[in-house]
Amino acid sequence: MHLLSIESLSDDHIAAILSEAQRWFDFNRSARRNDHRLDGLTILNAFFENSTRTLLSFEIAANRLGAQVVTMQVEMSSIKKGETLEDTARTLNAMRPDAVVIRHGRAGAPADVAALVDCAVINAGDGTGEHPTQALLDAATLQRHFGRIKGLTVAICGDIRHSRVARSNARLLERLGADVRLAGPPSLMPDGATAMTVDEAVSGADAVMMLRVQRERLEDELGDAPGEFLDRYGLTRERFALAGPGAMVMHPGPINRGVEIDGALADDSERSLILTQVEMGVAVRMACLDLLTAGRRGETGSA
Ligand code: CP
């Protein structure tokens with residue numbers, strides 16, 4: 001079994017991961033945080049794009065479950081000598097890892113690797129494709145805070161067109177019964193998306209998930225004046241006041257303070273779930289690693 005996209009997960013798998021993640025979240029707050037169910041297994045991280053949250057949370061998750069964790073130093077690897085991704089995948093496979101966690105700049109790269117290896121492959125973000133474990137941790141964060149996902153209104157705002165986070169979240173949250181609204185600069189909306197202003201999307205929402213501004217693609221929308229994007233499309237205190245009572249701020253990170261989000265709003269512990277998302281990232285990845293390696297351990301898995 002691989003975890004390549006939200007579609008690759010059955011409803012039962014999603015329910016089990018979300019439920020187990022809550023248990024691991026509590027476990028991770030306990031004094032002794034080591035479990036041994038992955039003893040003797042090797043988890044290999046191969047990140048071809050930068051990451052802080054996803055890479056470290058997979059490393060911590062695998063360590064807490066007792067696995068041996070190896071993180072490929074891509075900059076020091078033979079990729080730099082021209083070795084293809086396919087030959088790299090065959091080479092990694094010959095070292096007999098029990099799961100490969102891959103982030104890559106090309107959508108579909110994790111699926112290509114999965115076709116060449118004998119172990120589980122987890123997509124940790126592939127270009128403008130998907131970021132399924134981010135969506136799972138976002139859903140688990142909503143579940144923990146609100147006690148439910150069904151019936152929530154979630155506004156996802158920013159660069160929707162290029163966002164793998166938006167794509168995975170929309171697919172997962174809608175499947176779980178949330179009303180998902182997408183909004184952003186018109187040029188950064190996917191073809192055929194319903195036109196909605198950020199103000200309209202935020203109005204009455206239970207959660208507002210801002211996306212990182214990808215500066216390299218946004219020269220026109222950013223404008224010349226500092227703060228122009230924030231005023232027009234970002235999450236200011238004034239705009240967040242349009243959200244529903246008890247509404248919460250989310251962001252997958254990294255954040256651009258003063259660009260897509262007011263820094264003080266991101267830091268407001270009464271209103272922001274951003275650091276809970278990070279904490280939940282470890283828990284969700286523990287649930288995913290448990291589920292995906294269960295077959296190798298001769299178990300059905302607790303997730
Ligand atoms: N949310 C997320 O994927 O962050 P990183 O790029 O730091 O892993």
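Arg96 sits in the loop between α3 (85–94) and β3 (99–104); helices (H or I, at least four residues) and strands (E, at least two) are DSSP runs, numbered from the N terminus. Its phi is near 60°, a positive value in a residue other than glycine. Most residues other than glycine have a negative phi, and most peptide bonds are trans.

Before going on, please note that this is a predicted model, in which local features need pLDDT of at least 70, side-chain atom pairs count only at pLDDT 80 or more, and totals for chains, interfaces and linings use all residues. Residues are numbered from 1 along each chain as its sequence is written, and side-chain values use heavy atoms, with hydrogens and water left out.

Another backbone feature to look at is the cis peptide bond that joins Gly253 and Pro254, with omega about -5°. Pro254 belongs to the loop between β8 (248–250) and α11 (263–267).

Gly253 also leads us to the ligand. The residues around the ligand (a heavy atom within 4 Å) are Ser51, Thr52, Arg53, Thr54, Arg103, His131, Gln134, Pro252 and Gly253. Now for the polar contacts, pairs of N or O atoms within 3.5 Å. A polar side-chain atom of Arg103 is 2.9 Å from a ligand oxygen atom, while one of Gln134 is 3.0 Å from a ligand nitrogen atom. From Gly253, a backbone N or O atom lies 3.4 Å from a nitrogen atom of the ligand.

Gln134 is also one of the α5 residues that meet α12, where contact means heavy atoms within 4.5 Å. Helix α5 (residues 132–146) and helix α12 (residues 274–293) pack at an angle of about 115°, their axes 8 Å apart; axes are lines fitted to C-alpha atoms over the stretch in contact, and angles run from 0 to 180 degrees between N-to-C directions.

Key:
Polar contact = N/O pair within 3.5 Å; in protein donor to acceptor, adjacent residues only side chain to side chain.
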